[in-house]
Amino acid sequence: MPVVDKLRLEEALQDSPQTRSLLSVFEEDEGTLTDYTNQLLQAMQRVYGAQNEMCLATQQLSKQLLAYEKQNFALGKGDEEVISTLQYFSKIVDELNVLHTELAKQLADTMVLPIIQFREKDLTEVSTLKDLFSLASNEHDVSMARYSRLPKKKENEKLKAGVAKEVASARRKQHLSSLQYYCALNALQYRKRIAMLDPMLGYTRSQIKFFKKGADMFSKKMDSFLSSISDMVQSVQEELDAEAEGMRVAQQDLLSVGESAYTPDYDAAAPHINRNLIQKAGYLNLRNKTGLVTTTWDRLYFFTQGGNLMCQPRGAVAGGLIQDLDNCSVMAIDCEDRRYCFQITTPTGKPGITLQAESKKEYEEWICAINNISRQIYLSDNPEAVALRLNQTALQAVTPITSLGKKQDSLSPSQDVKNVEMPNDRTGPDEPTSSPDTTELIAPGTPIQFDIVLPAMEFLDQNRGSRRTNPFGESEDGRKEEEADSLLKQMFVVRFLGSMAVKSDQTVEVIYEAMRQVLAARAIHNIFRMTESHLLVTSNDLKLIDPQTQVTRANFELASVTQFAAHQENKRLIGFVVCVSESPGEDSLSAYVFESNTEGEKICYAISLGKEILEARKDPEALAQLMSSIPLTNDGKFMLLNDQSEEDSAAHGDGQEESEA
């Protein structure tokens, strides 16, 4: 016998769109079978009831038997054994058509009754289980919607527990109904064969018994055929019994799982999180804006495919593209007092879609998976190994490296930094080729600051006196005068990643080490939130400006910037070292790390040009020579030579001005 298509009971709990799509194929097959059964029953009832029209009735039955081969069953047209058997029966019906008389009792007991029982018992049972499954699925969706709207306040723990219990109950009910429905559909594939063959077997035997002449004519050549059909029906029945027992045992095993399989966020305290994923799939809530202030959340099935985030609603045959994840960033956000929300941001810095996971484990795994995909790990030969190596490197990054060999392993000897440094920088002209020990650059255990906070003493110094000054370190008049006198102005969109104290500014290696430790600490502690600012590079200083309020968050004199460099691999990372005098004869060094929407080398070039202008101001002849070597704008300011300025300005939006100096 050919292999019978079956629904996998193990996939009933997950209830994925793939399982629903396969379920729809079985439901379509059941609908086709129901239609065909009704037609076959009508033909048999016509044979039973129409004694005077027996010839026409048997002809119709013969046609219906031949029509089985032409039925467009969703799971296939049927096995050839059943088709060939029905075709042979059709020939027998045509031969016996001239011999038919009253067969009311025999036909009622052996032909009409089995097919009626199949329709009223088996097909009706499948239809009833389908309705129960639909009700349980809708109830589960309603309970999940209530669970997703739970607030994060701790005083609602009793309410959260009640709703979680309701979700578990609804999920258990849906699981039970789906298992019963799947088992009925699987069993229907066997009963379909019996239902098609058994009535015809009874019909033929009734004909032979009723007509002695027919028995004399056909009994000898029909005995072996009918015996083989009986054996085939019996073998199908045995397969059905074995399959039913196997499904019963599997159903009991699947229902014996603990509460963790039904309760969302069951292990919220200590979830087991896989941070090396390069693909992910599951249900998420998608935030949709329906009006100026109104939003809706839709529970949809999301999965990653290469560098794309796909979405597949229930009933859809395939998924559709939602977001291109290459070079995107993802961060946790607070949204409408919902838990486990995160947002995907496009490479240009534009906020993308907002999603909500149902548990802490799913929430963190989705963020890690999107981060891994955004770095295009999936394009490597062994993406799982690359993701594991990067995460192990992040775990080791919080522990200071004291061995020079380990540092050389982490950095490729062929890497180079393309930035321009001034003669007054503290980098010596003859630097050693070997990398310095990390403990000479950054002290072990140095704390990392992940947000820009104005120091308290600086705030107090700025607000002493009768005149109110800007708390961020500059007055309005002084600020305007400095901006007017500045020969260079260049604006960049950056996101602050972190800052930390360093011990040396003699080499750019201190910037690379600070980048490594800041990024590693963010990965270890799951810090995805970043502060976006506008970095204004002038010939006097560097300013971090709030893009919303235009308030200066931080101000660094250009003369105090002793080192600056872009990352060797990730060109969007930029860092610089600032030297500040705390007391006479004592200086403090701090490294600042940013992520830019443009290449970090462009920012380094702007800083280098600003330091050149600052140095040339001391000598009018040098300043004149510098102004003659670099193009100027119409207002007499330096213009940066940038081949990609037009592309960058278009990428950052219509509101940004052209880069000028």
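Lys 173 is partly exposed, its relative accessible area being 47%, where partly exposed lies between buried (under 20% relative accessible area) and exposed (over 50%), computed with a 1.4 Å probe on protein chains only. The model is a predicted one, in which local features need pLDDT of at least 70 and side-chain atom pairs count only at pLDDT 80 or more, while totals for chains, interfaces and linings use all residues. Residues are numbered from 1 along each chain as its sequence is written, and side-chain values use heavy atoms, with hydrogens and water left out.

The side chain of Lys 173 meets that of Glu 139 in a salt bridge, at 3.1 Å from N to O, the term meaning a side-chain nitrogen of Lys or Arg within 4 Å of a carboxyl oxygen of Asp or Glu. This pair links distant parts of the chain, 34 residues apart, with Glu 139 in helix 4 (residues 104–148) and Lys 173 in helix 5 (residues 157–210); helices (H or I, at least four residues) and strands (E, at least two) are DSSP runs numbered from the N terminus. Glu 139 is partly exposed as well, with a relative accessible area of 37%.

A further salt bridge joins Glu 336 to Arg 287, their closest N and O atoms being 3.0 Å apart. Here Glu 336 sits in the loop between strand 5 (329–332) and strand 6 (341–345), and Arg 287 in strand 1 (residues 281–289), 49 residues apart.

Arg 572 pairs in a salt bridge with Glu 595, at 3.3 Å between the closest N and O atoms, and Glu 595 is buried, with a relative accessible area of 10%.
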